[in-house]
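Grab a pencil and work through these exercises with the model open beside you. Try each task before you read its solution.

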Amino acid sequence: MLHEERIKLMTRMESYAQNGGNKNMQIGSYFRGDYISIQVIKSVVSVTIAYGIGFVLYVLYHLETFLEDIYKIDLLAFAKNVLLYYGVIVVAYGIISYLVYSYSYSKAKKSLKKYYDHLKKLNSLYRDQA
Amino acid sequence: MTGLLEIKEKLKLMYSRNEVFIIPIAKFLLAFVTLTIINGRIGYMSSIDKLPIVLIAALLCSFLPIGFIVFFSAVFSLLHMYALSMEVALVGLCLYLIMFLLFFRFSPKDSLVVILTPILFAVKMPYIMPIAMGLLGTPASVVSVAFGVMIYYFLSHVIASSTAISSMDAGEVTAKLRLLIDGILSNREMVVIIAAFAVTIIVVYLIRRMSADHAWTTAMVAGAITNLVLLLVGDLVYDTNMSVLGAILGTVIALLVAKMLEFFGFCVDYSRTEKVQFEDDDYYYYVKAVPKLTVAAQTKTVKKINTQSTTVSSKANASGRNSGTLGRSTSASHTVGSRLDFDPSDSAEDLFEDLFEEDDFIGNSRNVVTQRTVYKRNADRSASAFRRNNGQHGVTINNNMNDDMAEDNDFDYNFEELE
């Protein structure tokens, strides 16, 4: 027999799941530290690729200078500078990522709390019927 | 005004019932306009500068996720750049990739802003963007608007230097790259616009969030003035050759558009018909949840409690935005009868959370209907109205949906919410 209360509850839950809830559930399946670490690592990879692209453009822009002065340039100092800038950018971007993903994790958890409450309620409705 | 609000309610009703058609059509139109502008402005590759190709791409965008409009736009612009010169396409690809890698991981939804900003530049109405994003977005929108501005100026630079690029020899790779990169990095007008837009977005956002009367209107006017002043100062300092008359006219138009946005965007909850499928041990359920909206204006009473206790009745507008309506009168068929403990020191967010503890859905097994009684922005405004008023003379606002409301001088309020 159809149970009105249960259908209402399930509709609400399914509607939540379809409107961003699934994404939150995916986030909620991680521990906080794990989720943030994975996202920060992904961010570091992204920023490394972006830095690489920027570096290639920089080299191409100054290609003629590099080719002319290749023996005059202190390559070690140049590499140090490149790595220093890379480090600063990665750290800054990592901190921003950490903050963004900490916020999104806590937001997802907060939103899931209500979903889990509904789940408990649904469970009790099934139990009552049984 | 009531007439306008009723039109708004009717539009919402129409939207909620026909959302399944309206969204694909809107996506199709946006994609079509974007690709047509790209083809019309850049158009170096004649094989994709054809109506059937644009129509096919726009049709694909109409049912694919909205990010595909951005994807198709990027592909079309890169193909045109490639037809002009491979180096141009390479620089364009690098620019897009850097933007994608650095920013759109965080907020993929903002990608639409990157499309809309160049489009508004193309139709000479760019000043709408910072005000609109300040009203509807967050400070993070600064980055997406800045990327949009950069893309517009990059494409403009490509178009402006197309003759020079095509006249260069194929061997002059570095010269072409230098020409393009210099075009982006040394464009003062672009820098001034990015800075002005960024400050405008933040100013509009901060004022819009303030708990003051007419915060939205104040925000948009302040934003428009800030934007205009910064553009003029930037023009004077960096000699960007900006059209002053164009900036003033553009700002006035931006204000009008922002006012329209306020009308449709403020206190909005475009509840929509939802179709959900789920199952339990006994049944498969295919549920269509239809929003239960009313067009009729409601009446509410504002009750002031101070030394001169007065009761003011007012005909409320349908959205209940000017006073602290916490709920929205709808044709109720089901009483929830829950009690909310409301403390004026609660943040709007808390209040919203509390209110949403209530059931939104009412109905039966055949027709499950959804009813959104409380709106976040409404709650935002209500909370600020409560805080503000309580600080002065202690005002409670009764939305006339219940009789059982208690108040005392410690500003503890209990509401009976009737759905």
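**Exercise 1: the fold of chain B**

What percentage of the contacts in chain B with a separation of 6 or more is accounted for by residues 24 or more positions apart?

Solution. Keep in mind that you're looking at a predicted model.
- Step 1: take the contacts in chain B with a separation of 6 or more; residues 24 or more positions apart account for 71% of them.
- Step 2: look at what the chain is built from, namely 14 helices and nine strands.
- Step 3: check burial. Chain B has 419 residues, and 35% of them count as buried.

**Exercise 2: buried or exposed?**

Is B:Ala289 buried or exposed? Then look at helix 6 (residues 128–136) of chain B: how many of its nine residues are buried?

Solution. 
- Step 1: locate B:Ala289 in strand 2 (residues 284–291) of chain B.
- Step 2: count the other C-beta atoms within 10 Å of B:Ala289. There are 24, and the cut-off for burial is 20 or more, so B:Ala289 is buried.
- Step 3: go to helix 6 of chain B. Eight of its nine residues are buried, so this helix is largely enclosed by the rest of the structure. Among the buried ones are B:Ile128, B:Pro130, B:Met133 and B:Leu135.

**Exercise 3: a helix pair inside chain B**

How are helix 10 and helix 11 of chain B oriented to each other?

Solution. 
- Step 1: pick out helix 10 (residues 188–208) and helix 11 (residues 215–238) of chain B; their axes come within 8 Å and cross at roughly 160°.
- Step 2: angles over 145 degrees count as roughly antiparallel, so that's what helix 10 and helix 11 of chain B are.
- Step 3: note the handedness: helix 10 of chain B passes helix 11 of chain B in a right-handed crossing.
- Step 4: sort the residues of this contact, and you get 15 nonpolar, six polar and two charged.

**Exercise 4: where the chains meet**

Which element gives the largest share of the side of chain A that touches chain B?

Solution. 
- Step 1: 23 residues of chain A are in contact with 23 residues of chain B.
- Step 2: helix 2 of chain A gives the largest share of chain A's side, 10 residues.
- Step 3: helix 2 of chain A packs against helix 4 (residues 86–102) of chain B at about 155°, with the axes 9 Å apart. These two helices are therefore roughly antiparallel, and their crossing is left-handed.
- Step 4: residues making this contact include A:Ile53 and A:Leu57 of helix 2 of chain A, and B:Leu97 and B:Leu101 of helix 4 of chain B. The contact divides into 10 nonpolar, two polar and no charged residues.

Notes:
Residues are numbered from 1 along each chain as its sequence is written. Chains are lettered from A and ligands numbered from 1 in the order in which they are written. This is a predicted model: local features need pLDDT of at least 70, side-chain atom pairs count only at pLDDT 80 or more; totals for chains, interfaces and linings use all residues. Axes are lines fitted to C-alpha atoms, for helices over the stretch in contact, and angles run from 0 to 180 degrees between N-to-C directions. Helices (H or I, at least four residues) and strands (E, at least two) are DSSP runs, numbered from the N terminus. Angles under 35 degrees count as roughly parallel, over 145 as roughly antiparallel, 65 to 115 as roughly perpendicular and the rest as oblique. A crossing is left-handed if the near helix is turned anticlockwise from the far one by less than a right angle, and right-handed if clockwise. Ala, Val, Leu, Ile, Met, Phe, Trp, Tyr, Cys and Pro count as nonpolar, Asp, Glu, Lys and Arg as charged, and the others, Gly among them, as polar. A residue is buried if 20 or more other C-beta atoms lie within 10 Å of its own, exposed if 12 or fewer, and partly exposed in between; C-beta atoms are placed from the backbone. Two residues are in contact if their C-beta atoms, placed from the backbone, lie within 7 Å.
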